Amino acid sequence: MDRTQLVLLALILGVVVGGSVVLLIAYAFRLRDRQRAETSSHVPDGVTLVLRAMDDPAFVSDASSTVLAASAPVGVFGIRVGDVIPGEELRHVARAARNTGAPVVRNLRLRRGPAPAEPRLVAARAASISPRLTLVVLRDITEQERVEEMRRDFVANTSHELKTPVGAVSLLSEAIEMAADDPAQVRIFAARLTAEAARLAALTARIMSLSRLQASDELREVRDVSVDEVVTSAVEAHALQADSASVTLVRGGTRGLHVRGDAQVLSEAVGNLIANAIAYSPAGSSVGVGVREADGVVEIAVTDRGIGIPEAEQQRIFERFYRADQARSRSTGGTGLGLSIVKHAVQRHGGEVRLWSAPGRGSTFTVRLPAATPESDPPQPKPVRKDRRRRVLTHPTPTEKDSV
């Protein structure tokens, strides 16, 4: 082998060795970068900028479920940078996406703010953006669920409830036509027809009121509302009903409290509770309306000494058209929508309704709303006075039953 061939062979060997060294160095750098990525909890700058611009609640968490970066709207769910993800279900969604490497979508119930804030239905979508980092995006789908539930309830329940008065109106119309030559019978049938028409009108109005509460995202006239104003309006609106049923309305508790919301909607909700309490109370008994504040929450309790509600039915009492006592509700003209309206009206104000009841001992419905502090105290409403027409007493009364 001559000198030229030796030089060429050495050159080839040098190229091979040099290339191998370069490949080994590149592989080492790549391995180092991969190890850094697997152990690094640094959030890329691009991800942080995207989170700042997002309108949806979103956050990035690491393998220890610690929030490293978040969008501004996510704070309403109590998620903050540097804290552990609140809620085991939400942590499970983030871990599942990180472990599988595939996007994970779950529907969860998350509370927006402290109790008594309403739990919201949220679609949580999690995706892994690195071996240690997971991006979670939350989308509030409560309104979609409400609209769908409203549609199902309207089709299933309303058609059934409207069938009875509509059928009665039709039959009475035929009866009037057949008894045209008998004035006495015509008057009887006409009176029954008027009653059924009034029942149909009341049912339609209740359905429309409930549909507005379920469909609307925001209240129309939101302001600092005096609880005294709400209670006074509700009590005076049902004083005649109480007098006719020989039931005494007793009002008491703390004065001067305020909540944030729509005064008309709140008055209707409290009025529905008072109307129910009167309808299910025996003659000679009393219905108490008490107000108090505890831990930043205003409680309006309506207590009766009526028939009570069995424990097995208490979970369903706020459903549309549900009646614990079918016969009595029909005789009093109830539509089965009053408590459902109360529930949705209170939820619209960020509150909740609690129920205590025992058969034979009566019931207490408690509306719990976040307290508000107005800039200036409005003039106090005039106290409700007792007279012969309105059986209303005003003195302090407990807001809950003694045995609660």
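This is a predicted model: local features need pLDDT of at least 70, side-chain atom pairs count only at pLDDT 80 or more; totals for chains, interfaces and linings use all residues.

Start by selecting Arg 95: at 27% relative accessibility, Arg 95 counts as partly exposed (buried is under 20% relative accessible area, exposed over 50%, partly exposed in between, with a 1.4 Å probe and protein chains only).

Residues are numbered from 1 along each chain as its sequence is written, and side-chain values use heavy atoms, with hydrogens and water left out.

Next, pick Arg 120 and Asp 140, whose side chains form a salt bridge at 2.9 Å, N to O. This pair links distant parts of the chain, 20 residues apart: Arg 120 sits in strand β4 (residues 119–128) and Asp 140 in strand β5 (residues 134–140). Helices (H or I, at least four residues) and strands (E, at least two) are DSSP runs, numbered from the N terminus. Is Arg 120 buried or exposed? At 10% relative accessibility, Arg 120 counts as buried, while Asp 140, at 29%, is partly exposed.

Now jump to Asp 224 and Arg 260, another salt bridge, with the closest N and O atoms 3.3 Å apart. Here strand β6 (residues 223–226) supplies Asp 224 and strand β8 (residues 258–261) supplies Arg 260, a pair 36 residues apart that links distant parts of the chain. Asp 224 is partly exposed at 28%, and so is Arg 260 at 46%.

Keep going to helix α8, residues 263–279. Its 17 residues reach 24 Å from first C-alpha to last, close to the 24 Å expected at 1.5 Å a residue (the expected span is 1.5 Å times one less than the number of residues). The helix is mostly covered, with 14 of its 17 residues buried. At its start, show Asp 262: a side-chain oxygen there comes to within 3.0 Å of the backbone nitrogen of Gln 264.

Then zoom out: the structure holds 11 salt bridges, and the protein has 10 helices and 13 strands.

Definitions and conventions: A polar contact is a pair of N or O atoms within 3.5 Å; within protein, one must be able to donate a hydrogen and the other to accept it, and residues adjacent in sequence count only if both atoms are side-chain atoms. A salt bridge is a side-chain nitrogen of Lys or Arg within 4 Å of a carboxyl oxygen of Asp or Glu.
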